[in-house]
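Subject: Structure handover and ligand pocket

Dear colleague,

Please find the structure below for your review. My notes on the ligand and its surroundings follow.

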Amino acid sequence: MKEIQINSTIQVYDSVQELPKNVQELMEKAVEARKKAYAPYSKFQVGAALMLANGEAVSGNNQENAAYPSGLCAERVAVFYAGAHYPGETVEMMAISATSLDKPVTTPVPPCGACRQAIAEYEIKQEKPIALYFMGEKGAVYKTNSLKDLLPLIFDGSML
Ligand code: THU
């Protein structure tokens with residue numbers, strides 16, 4: 001028996017103000033998207049914004065449904081929109097902001113497991129890492145240089 005160590009690095013920014021200007025602007029787009037989330041059931045609103053290599057930004061928010069599993073997370077709405085409208089365009093980074101109508105969210109909210117798998121598909125396809133920045137509504141921002149930092153032992157198409 002032997003053990004394999006898997007390391008991830010997360011960079012912690014104390015607040016949005018500490019981020020580079022271009023990332024602050026992308027996070028602002030995530031916040032704007034978050035405010036338009038359709039989340040009447042959970043009251044948990046999430047916005048995600050992507051910066052593409054062509055300079056275009058696209059965003060998405062969570063879309064819930066009375067049949068709960070039919071809804072979709074903000075990150076997948078955004079990444080599928082990019083895949084649908086800008087096929088072949090590299091995604092350079094993603095900013096995520098979440099809040100709740102029930103309580104303040106001040107700790108960073110990472111993408112759920114299903115969204116990590118969906119984002120991984122595009123990162124692997126483009127052969128370039130996607131930097132991820134995520135936060136609550138205020139407070140610290142976590143950054144990973146790659147989706148791989150959030151999803152060790154990724155299942156991908158090479159295994160099929
Ligand atoms: N949600 C997201 O949009 N992204 C995540 O990564 C976690 C959860 C949404 C889904 C649902 O509408 C609400 O937050 C509560 O789970």
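By class, how many residues in the lining of the largest pocket are nonpolar, polar and charged? The lining has 11 nonpolar, 5 polar and 2 charged residues, where Ala, Val, Leu, Ile, Met, Phe, Trp, Tyr, Cys and Pro count as nonpolar, Asp, Glu, Lys and Arg as charged, and the others, Gly among them, as polar.

Please note that this is a predicted model, in which local features need pLDDT of at least 70 and side-chain atom pairs pLDDT 80 or more, while totals for chains, interfaces and linings use all residues. Residues are numbered from 1 along each chain as its sequence is written, and side-chain values use heavy atoms, without hydrogens and water.

The ligand sits in the largest pocket (more than half of its atoms lie within 2 Å of the pocket's grid points). A pocket here is an open set of points on a 1 Å grid over the protein atoms alone, where a 1.4 Å probe fits, with protein on both sides within 12 Å along at least five of seven lines; lining residues have an atom within 4 Å of a point. Of the 18 lining residues, Ser 42, Asn 62, Glu 64, Leu 72 and Cys 73 lie nearest the centre of the pocket.

Around the ligand (a heavy atom within 4 Å) are residues including Phe 44, Val 46 and Pro 110. By class, this shell has 7 nonpolar, 2 polar and 2 charged residues.

- Ala 74: a backbone N or O atom lies 2.9 Å from a ligand oxygen.
- Glu 75: a side-chain N or O atom is 2.8 Å from a ligand nitrogen.
- Cys 112: a polar backbone atom is 2.8 Å from a ligand oxygen.

Yours sincerely

Notes
A polar contact is a pair of N or O atoms within 3.5 Å; within protein, one must be able to donate a hydrogen and the other to accept it, and residues adjacent in sequence count only if both atoms are side-chain atoms.
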